[in-house]
Amino acid sequence: MATTKIYVPRETAAISVGADDIAIAIARHAKETGANIELIRNGSWGATWLEPLVEVLVDDKRIAYGNVEASDVPALFSAGFLSGGEHARRLGPINEIPYLINQDRWTFWRCGLVEQLSLDDFRMHQGFKAFEKAIEMGPESVIEAVKTSGLRGRGGAGFPAGIKWQTVADAEGDRKYVACNADEGDSGTFSDRILMEGDPFGLLEGMMIAGYAVGASRGYVYLRSEYPLTHSILTRAIAAAHESGWLGDNIQGSGFDFDVELHLGAGSYVCGEETAMLESLEGKQGIVRYKPPLPAIEGLFGKPTVVNNVVTLASVANIVNLGGEKYASFGVDRSKGTLAFQLAGNVKRGGLVEKGFGITLRELIDDWGGGTASGRPVKAVQVGGPLGAYLPAEQLDTPLDYEAFINIGAMVGHGGIVVFDDRVNMAQQARFAMQFCAIESCGKCTPCRVGSTRGVEVIDRIVAGEDREGNYDLLVELCDTMEDASLCAMGGMTPYPVRSVLKYFAEDFSSAVGADE
Amino acid sequence: MTHEPYNKQTASEIIAGFDARPEMLVQVLHAFMQRFAWIPEDAIRQLADELNLSRAEVHGVVSYYHDFRTAPPGRHIVKICQAEACQAMGSRELSAHAVASLGVDMHSGNEDVTLEPVYCLGNCACSPAIMVDGKTYGRVSTGRFDDIVASLGASS
């Protein structure tokens with residue numbers, strides 16, 4: 001009897017809602033019934049709302065079953081699951097699901113598709129083709145392609161990647177480094193995680209290309225400790241790449257040496273800031289550095305360092321493969337290419353949607369997200385993590401592009417979109433923004449360290465009805481100070497969500513709220 | 001997760017596994033946490049000696065990061081995400097339920113369980129999310145929370 005391939009994701013979200021139990025149940029049931037199956041652990045396609053999403057390969061088509069529970073397994077087998085049989089959980093072929101096929105999967109195209117830790121599968125899906133092409137092109141042409149693509153840092157700051165790479169390539173240094181920022185701390189974001197769990201070799205390839213382009217022979221991944229599964233997958237991927245000669249000295253006879261070391265963060269949000277991350281990589285407290293010098297000139301251990309986010313690095317392979325112009329054909333104006341938007345919070349169909357810039361929040365939340373999970377009206381949407389503005393329903397037609405968002409006092413950031421329904425009290429959210437800053441501030445600069453605590457107090461006074469007008473003015477002044485005088489985005493952008501609440505949801509300050517914690 | 005009490009010999013072996021590189025301090029501390037569950041004062045002294053750092057430097061790093069404990073935790077560690085995506089799906093109510101049902105406050109605990117906030121588990125499309133003994137759970141209603149806790153045998 002032929003072997004039937006069954007895909008069950010080994011991915012944090014899928015496992016958090018039972019994927020491992022399903023894998024066990026499928027294996028057990030197959031054994032009991034004598035069915036001949038091969039269980040493949042892939043990453044997630046990013047349609048998180050359908051997790052656990054199980055696929056069965058039937059005549060070259062992967063038939064998907066969504067929201068499967070371990071208790072469904074016997075019934076699925078009885079329904080002819082192994083030949084794609086009809087069942088309430090059956091969604092049809094994976095490549096016909098609208099949520100997925102209407103995306104522009106430039107960077108995430110292998111996620112879900114391939115067996116996460118199989119180098120053979122990776123190689124069969126163009127793996128390391130871009131690295132080989134980069135070696136043929138030479139470093140200058142690789143950097144040119146990245147410049148042409150218009151790729152900007154996907155961690156949130158949006159700095160042009162090609163210019164950063166050029167700066168590091170031109171910088172004097174006996175050693176240079178590539179430091180991958182995988183400290184994905186913004187609430188509402190999980191694209192780095194989905195990429196690292198679904199296509200870990202894809203990240204390594206991006207780092208190798210970056211290293212080759214700038215003349216670095218050592219790379220670091222700084223991964224947040226809240227991602228233990230990602231840590232285990234990346235550890236195994238790095239070891240597998242080493243064993244097969246895709247990392248180490250003279251990679252595949254190319255003459256290029258490159259090693260990757262994986263470091264774990266330790267629960268500090270501010271370590272997502274690039275200089276704090278470098279301090280932490282050096283084994284120290286994650287305290288922000290003054291800039292200049294830029295990390296591109298004096299970065300890790302004082303050496304020129306490319307600091308890029310996971311998605312930035314992983315986007316480069318296809319830029320090398322298909323050309324910078326092709327990537328730049330997605331997107332709008334100065335926001336070229338695609339972004340992996342992440343629909344989160346109170347949304348019916350949460351997950352990852354990779355689309356060209358220019359799509360609106362409304363399209364994402366309604367067409368992909370299907371509105372709120374609660375079915376109630378949308379009251380506010382926070383874009384770009386805890387330092388991003390809260391936008392009211394009237395602003396949902398703003399196109400997602402870096403500049404359009406800056407123009408309305410907001411930011412696209414890392415592409416996280418957190419939806420709240422009409423039960424949220426926005427004064428409580430403004431208070432939380434200040435409180436979070438107080439908890440996570442590295443403490444180096446006064447506006448952030450002290451301002452955040454004073455911010456919580458001032459908001460409490462406004463809500464308590466104490467000299468409302470005076471305290472309101474004081475809060476605005478405090479926001480000005482934090483924005484103008486903080487050392488990094490932690491203190492400098494905490495005012496964004498606070499101001500947006502003052503601007504769009506001021507009425508919530510007059511209704512009582514409870515304190516967090 | 002099984003832990004053993006801190007002992008100098010094991011700690012030394014762990015440090016040697018990182019070639020006693022001072023820049024590996026954060027990574028060594030993670031390895032200590034995995035092995036010993038917390039970082040006692042003696043470990044700080046030893047790290048300073050063997051990594052050629054000052055005690056102040058090691059203490060500074062231990063106290064800076066949320067992950068490193070300087071007191072033993074309960075047998076089980078329950079972390080509840082308090083960040084925005086989970087707030088939008090009722091994490092405040094879930095936290096209140098956890099405090100009431102476990103009988104411990106946030107940031108505290110007893111021999112059985114330690115309850116802590118966490119700011120994002122990256123499971124924001126399955127909010128609210130919690131982490132129990134290093135394993136992430138999504139779509140955690142109060143009922144599901146009770147089931148997860150009951151399965152640990154740590155329910156009060």
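Biologist: What makes the residues of chain B and chain A count as a contact?

Modeller: Two residues are in contact if their C-beta atoms, placed from the backbone, lie within 7 Å. By that rule, the contact takes 37 residues from chain B and 45 residues from chain A. The model is predicted: local features need pLDDT of at least 70, side-chain atom pairs count only at pLDDT 80 or more, and totals for chains, interfaces and linings use all residues. Residues are numbered from 1 along each chain as its sequence is written, with chains lettered from A and ligands numbered from 1 in the order in which they are written.

Biologist: Which element of chain B gives the largest share of the side that touches chain A?

Modeller: Helix 2 of chain B, with 4 residues. Helices are DSSP runs of H or I, at least four residues; strands are runs of E, at least two; both are numbered from the N terminus.

Biologist: How many residues on that side of chain B are nonpolar?

Modeller: There are 22 nonpolar, 11 polar and 4 charged. Ala, Val, Leu, Ile, Met, Phe, Trp, Tyr, Cys and Pro count as nonpolar; Asp, Glu, Lys and Arg as charged; the others, Gly among them, as polar.

Biologist: What makes a residue of chain B buried, and what percentage is buried?

Modeller: A residue is buried if 20 or more other C-beta atoms, placed from the backbone, lie within 10 Å of its own. In chain B, 40% of the 156 residues are buried.

Biologist: Where do the domain bounds of chain B come from?

Modeller: An automatic or database domain assignment. It gives domain 1 (8–64) and domain 2 (76–152). Their C-alpha centres lie 29 Å apart.

Conventions. Buried ≥ 20, exposed ≤ 12 C-beta atoms within 10 Å, placed from the backbone.
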